[in-house]
Amino acid sequence: MNHKKTFWTLTILVIACAFISGCGRTAEPITETGFYLDTVVQITLYDTEGDGSCTGNIKECFALINYYEHLFSTTIEGSDIWNINHGDGNPVTVADDTISLLQTALYYSELSGGQVDITVLPLSELWDFGSEGNAHRPDDADVKESVSHIDYHTVHIEGNTVTLSDPEASIDLGFIAKGYIADRLKEYLLDQGVDSACISLGGNLITIGSKPDGQPYRIGIQKPFANEGETITVINVSDASVVSSGIYERYFYEDDVLYHHLLDTATGYPEDNNIAGVTIMAPSSVDADALSTTCYFLGIDDGMKLIESLDNTEALFITTNGELLTSDGFPLP
């Protein structure tokens, strides 16, 4: 029997800070949400000064998100990444932020040995996980063709110009862009004097300081394949980023086989390594974002070895049978 069912879930981390009203210092939480970057964005700031400035700060945050989305999107015509992907192999001049993000993305492509590769777009478009109801198992010949154009070495940067030496290659920064944007939002808010905030970009969460009463934020980690908001554990977080990636984020069943969006760049098919999800806690959101995907593909042993080699960086691996495996300093209760 051909049974095909598609599910879309967001890796939502439960943001306790959004629901706090009583604080040690006079502070009212101001929360606004929007839909950017193909996900729900929620920003919560505490008006510790009582002057209402947080409302303007939140609006500026959304303006910044919109700006970066129009640089990094693969689908917005005229974005830097869209222009590179449609440049027919010609040099394309892009913004400083785009160069910075591309360089970081290439670093993680190299670190993972190409298991995470920024030129994966031809393959991910073939599977079409981004469109509800259209995701399907593609033909083997099409998969083989798309894989032949995945190679981060074809991305060449000189100054502010980017060239794809394979005109059929295409860049996708989905595994790292939200982390970069979260870091830029934190920088802006710190410059504005904000000392207590939570920012959630789907599965990417970053906190500024702690709650106004000095207590850490309590962050719930989504239980794989459970109802949205059902947590597998809760951790305390202060002034850090927490990012989760997993096979439960975008997936579908076809002929009773589960296909998920974390695609092996060598075979073109979903990676099968008995990991349901990876959560990274780190000072930088761009690193946490990239590491959550990188560690998934490296697997538990190599991924844990990488995490233990990094300062102030911790990991939680959730196996497909629900087992929780953590680095030495991950703050499980």
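A residue is termed buried when its relative accessible area is under 20%, exposed when that area is over 50%, and partly exposed in between, as computed with a 1.4 Å probe on protein chains only. At 0% relative accessibility, Phe 252 counts as buried. The structure is a predicted model, in which local features need pLDDT of at least 70 and side-chain atom pairs count only at pLDDT 80 or more, whereas totals for chains, interfaces and linings use all residues. Residues are numbered from 1 along each chain as its sequence is written, and side-chain values use heavy atoms, with hydrogens and water left out.

The protein has 333 residues, of which 53% count as buried. Its secondary structure comprises seven helices and 17 strands; helices (H or I, at least four residues) and strands (E, at least two) are DSSP runs numbered from the N terminus. Contact is defined as heavy atoms within 4.5 Å. Among contacts with a separation of 6 or more, 63% are made by residues 24 or more positions apart.

Eight strands form an open sheet with antiparallel pairing, in the order E3-E4-E8-E9-E12-E15-E16-E17. Two strands are taken to pair if DSSP finds at least two bridges between them. In general, strands of a sheet pair through backbone hydrogen bonds, either parallel or antiparallel. The edges are strand E3 (29–36) and strand E17 (324–326), each of which pairs on one side only. On average, neighbouring strands of this sheet are turned by 15° against each other, direction ignored. For this and the following angles, axes are lines fitted to C-alpha atoms, for helices over the stretch in contact, and angles run from 0 to 180 degrees between N-to-C directions.

Two helices were examined against the sheet. Helix H6 (residues 177–191) packs on the sheet and touches strand E4 (39–46), strand E8 (197–201) and strand E9 (204–208), with its direction at about 20° to that of E9. Helix H7 (residues 285–308) lies across E9, strand E12 (241–246), E15, E16 and E17, and runs at about 125° to E15.

E3 and E4 are joined in the antiparallel sense over eight bridges, and Thr 33 stands opposite Gln 42 in E4. These two strands form a hairpin with two residues between them, and Leu 37 in the turn has a positive phi of about 55°. Strand E15 (residues 275–282) and strand E16 (residues 314–319) run antiparallel and are joined by six bridges; Gly 277 has Ile 318 in E16 as its bridge partner. In the loop between H7 and E16 lies Asn 312, which has a positive phi of about 55° although it is not a glycine. Asn 312 is exposed, with a relative accessible area of 61%.

A search of the whole structure finds 16 aromatic pairs. Rings of Phe, Tyr and Trp (its six-membered ring) pair if their centres lie within 6.5 Å; planes under 30 degrees apart count as stacked, over 60 as edge-to-face and the rest as tilted. Tyr 36 and Phe 62 form a stacked pair, at 5.6 Å centre to centre and with 20° between the planes. Tyr 36 lies in strand E3 and Phe 62 in helix H1 (residues 53–72), so the pair ties together parts that are 26 residues apart in sequence. Phe 62 counts as buried, at 8% relative accessibility. Phe 129 and Phe 252 form a tilted pair, at 5.5 Å centre to centre and with 40° between the planes. Because Phe 129 lies in the loop between helix H4 (121–127) and helix H5 (140–147) and Phe 252 in strand E13 (residues 250–254), this pair ties together parts that are 123 residues apart in sequence. Phe 129 is buried, with a relative accessible area of 6%.

A nonpolar core is a set of buried Ala, Val, Leu, Ile, Met, Phe, Trp, Tyr and Cys residues joined through side-chain atoms within 4.5 Å. In the largest such core, of 67 residues, Ile 118 and Leu 173 touch the most other members. H7 gives the most to this core, with 10 residues.
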